[in-house]
Amino acid sequence: MHFDAPILTDFDDDPRHAPEAPDPTQALLADLTEPQKQAVLHTEGPLLVLAAAGSGKTRVITRRIAYLVHCGVPAWQILALTFTNKAAGEMRERIGTLLGEGARASRGLTVCTFHALCARLLRRYAEAAGLKPEFAIFDTSDQLALVKKAVEACQLSTANFQPRAILSAISNAKNDLLDAEQFAAGAMDFSTRCVAQVYRAYTRMLRQANAVDFDDLLLLTARALAHNASVREECRARWQYLLIDEYQDTNKAQFQIASLIAGEGQAGSRRPNICVVGDPDQAIYGWRGADISNILDFEEHYPAAAVIKLGENFRSTAPILAAADTLIKRNTRRKHKPLFTSKSGGDRVECVLCRDEHHEARLAADWLRSRHEAGTPWREMAVFYRTNALSRVMEDALREANVPYTIARGTAFYDREEIKHALAYLRVVANPADGVSLARIVNVPTRAIGDTTYARLESHAAAQGVTVFEAMRRAGSAADLNARAQGAVGKFVQMMDGWTAGGAFMGQSLSTSLADLVDRVVKESGLESMYKAQAHTSKSDADAERVENLAELVSSARQFEMEYDPAADPAADPAAGGTPPLLAMLRGYLESVALVADADAVDPAQGSVTLMTLHAAKGLEFGAVAMIGLEEGLLPHARARENDAAMEEERRLCFVGITRAMRRLLMTASKYRTIRGMSERTIPSRFLGELPGEHVTISDQSDMWDGHDEEHEDASQETPRDGNRRIVGGGGVRPGAHQYPVGSVVRHPQFGVGVVQSATLGADARVVVAFRGVGTKTLVVAYARLTLVNPAG
């Protein structure tokens, strides 16, 4: 394409006197780098723009669209596809500014998400897709309700086949362009065949309701384009220029839709005019169906494609970029491009090895406060973590430090569904009269105590003037409850009594600690197995994190137990006619959780620190970033250990986190981390070892508290260089000797005085103690809070 020279007027043949016609394209190109300018000017034929983090890709896309319009391409012939409504809105706004507000030139321009485009196409070509034009689009809640009906229609248990997990599995299938019949053809095991059965029923119910779900929008559009030549040709005739942002995040369905609209190259034509922009190094959504090969193999799909690399980063300092670039070069499935900045200077990346997760959280909170005192507003700072379970301890530390924070694109720990369910169980354990909590969990997981049964129990309770739980104890005499319902209610009461020793909170069957009680509730209630089954069916990281969050709840109970002082709690003194010790501790724990949930918000005059997962951080930027939990099993995640492709995605995830930081970056790991209430030794992430030494400062603060911090003395163990394990704070115990030898008399804050029967050494040292009037208990030394009354004689 070219522009003709300005035409001179008849009355002025002297070019020196002719008014210069402004070239509208010059303003579009004026502030672009040379590679950016090349990407804007390359208008014909397939184009791959490899855009590094912070390289101004949105600027290139919007300038390219404006340039096409200025070159005479009708706006209605241009289609730009993005992944979020927000991104599409921002893009439209920028293009409108470039072309002039209200400009007729931009009329008909299509800038939208894949799903929005597909919804429009299905309305227009409904018949070709097997739909009626007035079809409804079901939202997530509608979809879940319909899947539940489909599960029940297939005579399957919603406890074993959770609607959310089934819906996730169906979504994955549709994004792979598999309809119900194709999915069923590939179902080899019992579980997958059951999912296929539900998929069929769900599809039938959707069509009966003349409705589609979000994934149908992609699947049905791809099929209409593939199987109907008139639909395909109309779309190709309409959109002569196709641009796609974040191309590395496209799945199979989106790839097919884009390819079919773009068309194939024709003889004598430079089409297809498809321009894709993306970065394989930021491909982090493989777990939800994104296919990195779409961008890696673009040149194979379009052999005539031009490739332009945008490597200059306008966001981060040189040390941060050097760290990111050195890290990502370890990956093999990528396209190399330079990653650099024209700005010099900048602070090194700070890497700190902490003692445990509490030390780590306090250190990160102090670091954020220091940045704030140095002038960085709270709103320009963030904390990233691989899994949501890591947020709890960080939230605690920020509250204690009076640092305002917000959980972005997520939910605060104690507000998460699985945590609310577990806490509801614990509230009923602590207070059987709590009808609200009982109603929440009486049929979670499903156990044949449905709404009708529960309503009848409530009626019996009201008639007899007792609590609903007491009415459940008397369910055997309720004539309006059938045998199945009576049996289910009886089992529920028996389960609750097992946790409370029949409500007495005393005796052999009672849990030995608060963490043990919480662990039993999580397991024996069926919550853990329910969410494990859900994660297995859906193959979703989000569902897997629910299981991790339940384990973190056990750790939170262990932390509370270690910090709990019975002497400061009047209700915990049985001699004064008070509450049994474990019940008092449980009530104290639940009270502390309630106070966290209702804590007064810190005045966010300068905004708040953002807490989020690394996945949620993509596309954002912050002046100062703290990345926590850089340990093997967390980042990289344990699921990536045996899979090279998954390990490379974990490295890309770390890369994304690093490149969100503009000026300062802190990366931390903990030497010990509490997993399900047990302090476990960790291994620092391999990614820390892959960072360039000249751009990183490393500080090992993991041993600085040994023998000095009382808060850690009972919970920490250390292996010295001589290889003999010692218990920190153990009063000079000889290597190989036990702190509580057999025959010694000890005191426990809950069980009283007892005699040590046996003892084991090692990382998980335990003692078996015979307590007077309570019986024999096996205790983990690190958490037992034992006091040595009399050493063995």
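Biologist: How many helices and strands does the secondary structure of the protein come to?

Modeller: The protein has 31 helices and 24 strands. Both are DSSP runs, numbered from the N terminus: helices are H or I with at least four residues, strands are E with at least two. This is a predicted model, in which local features need pLDDT of at least 70, side-chain atom pairs count only at pLDDT 80 or more, and totals for chains, interfaces and linings use all residues. Residues are numbered from 1 along each chain as its sequence is written, and side-chain values use heavy atoms, with hydrogens and water left out.

Biologist: What percentage of the residues in the protein is buried?

Modeller: Buried residues are 54% of the 793. Buried means under 20% relative accessible area, exposed means over 50%, and partly exposed lies in between, with a 1.4 Å probe and protein chains only.

Biologist: And the contacts with a separation of 6 or more, what share comes from residues 24 or more positions apart?

Modeller: That share is 73%. A contact means heavy atoms within 4.5 Å.

Biologist: Let's talk sheets. In what order do the strands of the parallel open sheet come?

Modeller: The order is E3-E2-E6-E7-E1-E8, with 6 strands. Strand E3 (110-113) and strand E8 (306-310) are at the edges with a single partner strand each, so one side of each has no neighbour in the sheet. Two strands pair if DSSP finds at least two bridges between them. The twist from one strand to the next averages 15°.

Biologist: How many bridges are there between E2 and E6?

Modeller: Strand E2 (residues 78-82) and strand E6 (residues 241-244) pair over 4 bridges, in the parallel sense. Ile-78 has Tyr-241 in E6 as its bridge partner.

Biologist: Which strands does helix H2 lie across?

Modeller: Helix H2 (residues 34-41) lies across strand E1 (47-51) and E8. H2 runs at about 145° to E8. Axes are lines fitted to C-alpha atoms, for helices over the stretch in contact, and angles run from 0 to 180 degrees between N-to-C directions.

Biologist: What about the antiparallel sheet, which strands form it?

Modeller: That open sheet has 5 strands, ordered E23-E22-E21-E20-E24. Strand E23 (775-780) and strand E24 (787-790) are the edge strands, each pairing on one side only. Neighbouring strands are turned by 40° against each other on average, direction ignored.

Biologist: How many bridges join E20 to E24?

Modeller: There are 3, joining strand E20 (residues 745-748) to E24 in antiparallel fashion. Arg-747 is opposite Thr-787 in E24.

Biologist: Switching to E10. Why is E10 described as largely enclosed?

Modeller: Because 5 of the 5 residues of strand E10 (residues 381-385) are buried. Met-381, Val-383 and Tyr-385 point one way, while Ala-382 and Phe-384 point the other. In a regular strand, side chains alternate between the two faces of the sheet.

Biologist: Now helices. At what angle do H10 and H11 pack?

Modeller: Helix H10 (residues 214-227) and helix H11 (residues 229-238) pack at about 100°, with axes 5 Å apart. They are therefore roughly perpendicular. Angles of 65 to 115 degrees count that way; under 35 is roughly parallel, over 145 roughly antiparallel, and the rest oblique.

Biologist: Which residues make the contact?

Modeller: H10 gives Ala-224, Leu-225, Ala-226 and His-227, and H11 gives Ala-229, Val-231, Arg-232 and Cys-235. By class there are 6 nonpolar, 1 polar and 1 charged residues. Ala, Val, Leu, Ile, Met, Phe, Trp, Tyr, Cys and Pro count as nonpolar, Asp, Glu, Lys and Arg as charged, and the others, Gly among them, as polar.

Biologist: How many residues of H10 are buried?

Modeller: 10 of the 14, so H10 is largely enclosed by the rest of the structure. Asp-216 is in this helix, and counts as buried at 2% relative accessibility.

Biologist: What is Asp-216 in contact with, leaving aside neighbours within four places in sequence?

Modeller: Leu-122, Lys-174, Leu-206, Arg-207 and Thr-221.
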